[in-house]
Amino acid sequence: MKIVVLVKEVPDTWGERLLDLETGLADRVSSERVIDEIVERGLEFAISFAEQNDGTEVIALSMASEEATGTLRKALAMGADRGVLIVDEALHGADITLTAQVLAAALEHIGFDLIVSGDQSTDGAGGVVPSAVAELLDIPQLPRLATVDLNEKEVTGAHVTDRITLSLSAPLPAMMSVSERFAEPRFPNFKGIMAAKKKPFEVLGIAELGKDISVLDRPRSIMTEIAGKPPRESGVKVIADENSGRDLAEFLKKNQLI
Amino acid sequence: MNMSENSVSQEDFVEILGGLRQFIREKVMPLEREIAEGDAIPESLRSQAKDLGLFGYAIGQEWGGIGLDPVQEAELAIELGYTSLAFRSMFGTNNGIAGQVISGFGTDSQKETWLEGIASGDIVASFALTETGAGSNPSSMRTKAVTTKSGWSISGEKRYITNAPSADVFITFAKVTDDAGKSAVEVFIVPSNSPGVTVGPHDKKMGQAGAWTADVHFDEVAVTEDALVGGKSGVGYRAAMTSLAKGRITIAALAVGQAQRALDESLSYAAIAKQGDDIIGNFQLVQAMLADQQVGVSSGRSLVLDAARNYASGADTRIGPSVAKLYCTEMVGRVADLAVQIHGGAGYIRDYFVEQIYRDVRLLRLYEGTSEIQRLIIGSNLVKQELASN
């Protein structure tokens with residue numbers, strides 16, 4: 001079985017995340033680059049499945065700048081078998097639609113039985129790419145799974161929300177995305193880190209995907225304006241005195257917290 | 001330095017170190033209190049440490065280890081020193097004297113029997129040298145090994161043996177007296193399930209809760225001829241002394257890691273704790289303490305890495321490790337003391353990690369050779385060198 005995991009490089013969630021106010025794009029230089037933490041959970045699923053099922057190949061696929069090589073290698077250190085990185089000048093600042101089209105083209109180029117994605121990235125938080133890719137490839141999608149069962153023919157899983165749990169299944173080939181409720185990812189172990197450098201790693205431009213470039217090279221959404229987040233205003237101080245109980249309650253009520 | 005194809009490239013090592021740093025911060029540090037209060041390493045953490053490769057980072061790749069060189073090992077130990085020292089203690093002897101003695105000087109059969117299990121963490125190896133009357137100086141050792149028809153019989157008592165309660169094998173030091181009455185210390189590989197081996201209850205220590213030590217009794221323990229490290233007389237002891245010197249660099253590196261943590265904890269505290277309207281970090285006397293801590297950490301780090309480089313190249317395998325161990329373990333004692341002082345009353349309360357550091361680091365000046373023994377090694381070797389050059 002061939003499982004392709006869509007790996008997104010994001011600025012570290014725990015660091016300061018900034019937007020470039022000239023371009024409106026995420027400022028990837030000012031913070032550490034890491035694999036999106038929900039994607040890591042998807043990788044964990046694919047790699048543990050491969051460990052228990054001989055003949056399974058796990059491919060980490062990413063569309064990013066060349067600098068994302070190190071991040072994608074981390075997926076190989078975790079245990080993915082090979083990496084494919086789509087790099088192209090024309091993709092700089094790609095929006096969700098263009099990203100989905102390029103990923104779909106790359107997936108057709110690579111071939112797959114199952115595509116695994118995070119349900120939404122921790123930076124853009126669009127949450128649309130998995131559905132868009134599934135639509136373009138005309139395959140079923142199982143969104144936001146908390147648990148998964150996979151066999152040669154079908155994938156089943158639980159889509160869990162605060163109110164309901166949906167049990168979903170689809171025949172392969174299919175797309176599935178995992179949510180942050182999914183099992184914790186492993187740490188790349190020391191041997192995995194050393195083995196990662198020896199694993200196959202391809203860097204492809206869009207011309208190599210066998211698709212008409214003209215339909216792939218332009219974003220559809222246009223940014224018209226961008227502004228930085230206003231600085232935080234200083235908070236309200238409630239001084240402990242005979243009125244403080246009432247003051248605090250009034251503050252909470254005013255802000256609809258009680 | 002001997003760079004074979006089995007060595008770890010600097011590029012890979014940077015990632016290994018980064019991965020370990022992340023592991024320590026995300027997986028070990030949140031459990032520090034649980035380790036201390038439960039006096040045990042949680043099984044899930046042990047299993048993750050095993051998966052990561054921590055039981056065999058200093059053992060060669062041909063035996064399933066990672067094969068870090070001494071400088072890389074020292075850098076790794078600095079990272080490991082940043083959290084509960086009990087965590088490192090869990091796999092300390094596997095990478096340390098047990099793994100080193102067997103991989104460096106063991107017979108082929110000893111290597112095949114033990115090394116893969118030691119490197120993977122399936123086997124816990126413990127190092128049985130210390131006795132009641134023979135600590136840093138093994139010449140007064142009372143544990144004896146006598147030859148029998150099929151091998152050796154070992155009798156004696158060992159004290160403060162780290163990981164003894166969980167050990168699968170003891171690398172055991174015992175005195176052998178030949179027919180002419182001449183005695184020498186030899187090293188034996190003794191499985192812990194050998195009849196005659198009993199492990200006492202674990203010691204109630206001042207600190208390092210979660211790392212267990214205990215007495216080990218050997219009562220006419222029969223082992224085969226193959227139990228003698230290296231297969232012939234004298235090999236194991238020399239190997240052990242060499243590995244002990246390297247172990248001193250590791251202890252020095254752990255001290256630097258703990259000192260860095262004590263400094264970081266002090267800084268975070270000084271930046272938020274207020275006296276009157278000002279944070280204590282703005283008081284110059286507090287700044288002076290932070291400065292002294294930083295000087296200790298920076299100089300200790302340089303000294304450890306320098307000692308490791310000289311050990312790896314063979315330029316200095318005796319004096320340097322002892323200098324680093326002496327300086328860094330004394331240094332962390334002072335830095336930990338300052339950390340408690342900066343925290344004030346809070347530093348005496350168990351909710352603050354510096355209270356634990358203060359107790360935990362006290363051991364570093366005692367084991368793998370006390371500070372006094374390090375001074376003797378440094379002083380006697382300096383004089384020896386001087387005399388040899390005349």
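These legends walk through close-up views of a predicted model.

**View 1. Where chain A meets chain B.** Start with the place where the two chains touch: 9 residues of chain A are in contact with 20 residues of chain B. Putting the chains together buries about 1,300 Å², and carbon and sulfur atoms give 68% of that area. On the chain A side, look for Phe187(A), Phe190(A) and Met194(A), which lose the most area to chain B. Together, these three residues make up 56% of what the chain A side buries.

View 2. Zoom in on Lys197(A), which forms a salt bridge with Asp12(B). The closest N and O atoms of this pair are 3.1 Å apart. In total, 3 salt bridges turn up across the interface of chain A and chain B. There are also 6 residue pairs in polar contact between the two chains. As for the side of chain A that touches chain B, its residues split into 5 nonpolar, 1 polar and 3 charged.

**View 3. The domains of chain B.** Now for chain B by itself, which is divided into domain 1 (10-123), domain 2 (127-233) and domain 3 (237-389). The centres of domain 1 and domain 3 of chain B, taken over C-alpha atoms, sit 21 Å apart.

**View 4. Domain 1 against domain 3 in chain B.** Here 22 residues of domain 1 of chain B are in contact with 30 residues of domain 3 of chain B. About 2,200 Å² is buried between these two domains, with 67% of it coming from carbon and sulfur atoms. Keep an eye on Ile78(B), Tyr82(B) and Leu85(B): they supply 29% of the area that domain 1 of chain B buries against domain 3, more than any other three residues.

View 5. Find Lys246(B) and its salt bridge with Glu73(B), where the closest N and O atoms are 3.0 Å apart. The interface of domain 1 and domain 3 of chain B has 3 salt bridges, and 8 residue pairs are in polar contact between these domains. Helix 2 (32-38), helix 4 (70-80) and helix 5 (85-105) of chain B each supply at least two residues of the domain 1 side that touches domain 3. Helix 4 of chain B gives the most to that side, with 8 residues. Sorted by type, the residues on this domain 1 side come out as 13 nonpolar, 4 polar and 5 charged.

Technical notes:
Residues are numbered from 1 along each chain as its sequence is written. Chains are lettered from A and ligands numbered from 1 in the order in which they are written. This is a predicted model: local features need pLDDT of at least 70, side-chain atom pairs count only at pLDDT 80 or more; totals for chains, interfaces and linings use all residues. Side-chain values use heavy atoms; hydrogens and water are left out. Contact means heavy atoms within 4.5 Å. Buried area is the accessible area (1.4 Å probe) that two parts lose on being put together, summed over both. A salt bridge is a side-chain nitrogen of Lys or Arg within 4 Å of a carboxyl oxygen of Asp or Glu. A polar contact is a pair of N or O atoms within 3.5 Å; within protein, one must be able to donate a hydrogen and the other to accept it, and residues adjacent in sequence count only if both atoms are side-chain atoms. Ala, Val, Leu, Ile, Met, Phe, Trp, Tyr, Cys and Pro count as nonpolar, Asp, Glu, Lys and Arg as charged, and the others, Gly among them, as polar. Domain bounds come from an automatic or database domain assignment. Helices (H or I, at least four residues) and strands (E, at least two) are DSSP runs, numbered from the N terminus.
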